[in-house]
Amino acid sequence: DMTGVDPREIPTNDSKVIELFRSTRSLGITPEQIGGVSLGTLGIPEFGTSFAQGILEETRPTTIGEFTRVSGLSHGTDVWAGNARELIRNGICTLREAICNRDDIMLYLIRKGLKPKKAFEIMERVRKGKGLSEEQEQMMRDHGVPDWYIESCKKIKYMFPRAHAAAYVISAIWIAWYKVYYPAEFYAAYFSKSLKDCDIEIMLKGYDYVSKQIEMIREKGYQASTKEQQLLTVLELTQEMYARNIKFRPIDLYQSDATNFRVIEGELLPPFASI
């Protein structure tokens with residue numbers, strides 16, 4: 001850690017950090033500067049992909065509890081697309097009422113009056129993708145569980161436990177805090193971790209050149225190779241970094257590290273391994 005900050009002391013409710021999950025404002029840039037990406041979550045684990053960003057845009061979470069629900073939606077199979085997404089879009093339920101993590105099912109059914117063991121058995125069956133038995137379905141109807149909820153249970157193939165989602169969310173918020181308050185260190189850490197996907201020749205050529213390369217790869221769509229797709233992710237972060245007025249230094253024989261990007265006077269110094 002180049003900053004000397006203890007992650008355990010990072011607040012999880014900083015408004016500038018939460019804003020990253022809703023807009024690019026906390027980065028001091030506009031979506032137009034980064035190819036139309038409307039959120040500040042590029043490079044944030046679990047929340048940086050276009051799939052996760054799509055869920056964030058539609059659900060607009062603001063609390064840790066809601067982020068944990070979004071994490072469950074993005075990691076489940078047949079939990080969001082064709083399921084919770086349509087229910088939320090059509091106003092049938094809210095993010096808070098939708099089934100997002102496996103624990104939601106058991107806790108909801110207990111509140112509806114089912115015995116804890118029966119509620120647990122239903123949760124286990126649903127989260128493994130086995131649907132509901134006729135007996136379980138009838139039991140749910142008898143306790144006033146709405147049809148949309150029962151149908152949602154039947155579509156699910158796999159679900160995340162809430163604790164796992166919460167662990168992901170807390171680490172994502174910690175990393176997002178560095179992105180807001182220690183931007184150079186954030187990008188240095190990201191590029192060091194993604195060294196094998198970096199193309200330092202392209203990255204050093206500045207904002208306009210990087211932006212053109214991004215457009216070329218995006219235009220290829222599904223035709224882009226795996227290598228190009230991995231490079232695209234790194235270039236998107238590079239473009240964002242330049243938009244925030246952070247620059248690279250040329251590799252330096254005396255100051256460059258072997259494998260990690262260093263931060264010197266707010267600028268990134270590439271390692272020898274990036275050549």
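Which helices each supply at least two residues of the lining of the largest pocket? They are α2 (50-59), α9 (162-181), α10 (183-193) and α13 (226-243). Helices here are DSSP runs of H or I with at least four residues, strands are E runs of at least two, and both are numbered from the N terminus. The model is predicted, so local features need pLDDT of at least 70 and side-chain atom pairs count only at pLDDT 80 or more, while totals for chains, interfaces and linings use all residues. Residues are numbered from 1 along each chain as its sequence is written, and side-chain values use heavy atoms, with hydrogens and water left out.

Start with the pocket. A pocket is an open set of points on a 1 Å grid over the protein atoms alone, where a 1.4 Å probe fits, with protein on both sides within 12 Å along at least five of seven lines; lining residues have an atom within 4 Å of a point. The largest pocket has a volume of about 780 Å³, taken as the space filled by probe spheres set on the points. Of its 26 lining residues, L42, G43, I44, Y190 and L237 are the closest to the centre. The lining has 13 nonpolar, 8 polar and 5 charged residues. Ala, Val, Leu, Ile, Met, Phe, Trp, Tyr, Cys and Pro count as nonpolar, Asp, Glu, Lys and Arg as charged, and the others, Gly among them, as polar.

Now follow α10. Because 8 of its 11 residues are buried, α10 is largely enclosed by the rest of the structure. Buried means under 20% relative accessible area (1.4 Å probe, protein chains only). Among the buried residues are Y190 and F191. The buried residues of α10 pack against α9, α11 (200-203), α13, β1 (262-264) and β2 (267-269).

F191 leads on to the largest nonpolar core. Of the 80 residues there, F21, I105, L109, M140, F191 and L268 touch the most other members. The helix that gives the most to this core is α13, with 8 residues. Such a core joins buried Ala, Val, Leu, Ile, Met, Phe, Trp, Tyr and Cys residues through side-chain atoms within 4.5 Å.

Two polar side chains deserve a look. E137 lies in α7 (134-142). E137 counts as buried because its relative accessibility is 15%. The side chains of E137 and K154 form a polar contact of 3.2 Å (N or O atoms within 3.5 Å, one able to donate a hydrogen and the other to accept it; residues adjacent in sequence count only if both atoms are side-chain atoms). S26 sits in the loop between α1 (15-20) and α2. A polar atom of the S26 side chain lies 2.5 Å from the backbone oxygen of K16.

Conventions. Buried means under 20% relative accessible area, exposed over 50%, partly exposed in between (1.4 Å probe, protein chains only). Contact means heavy atoms within 4.5 Å.
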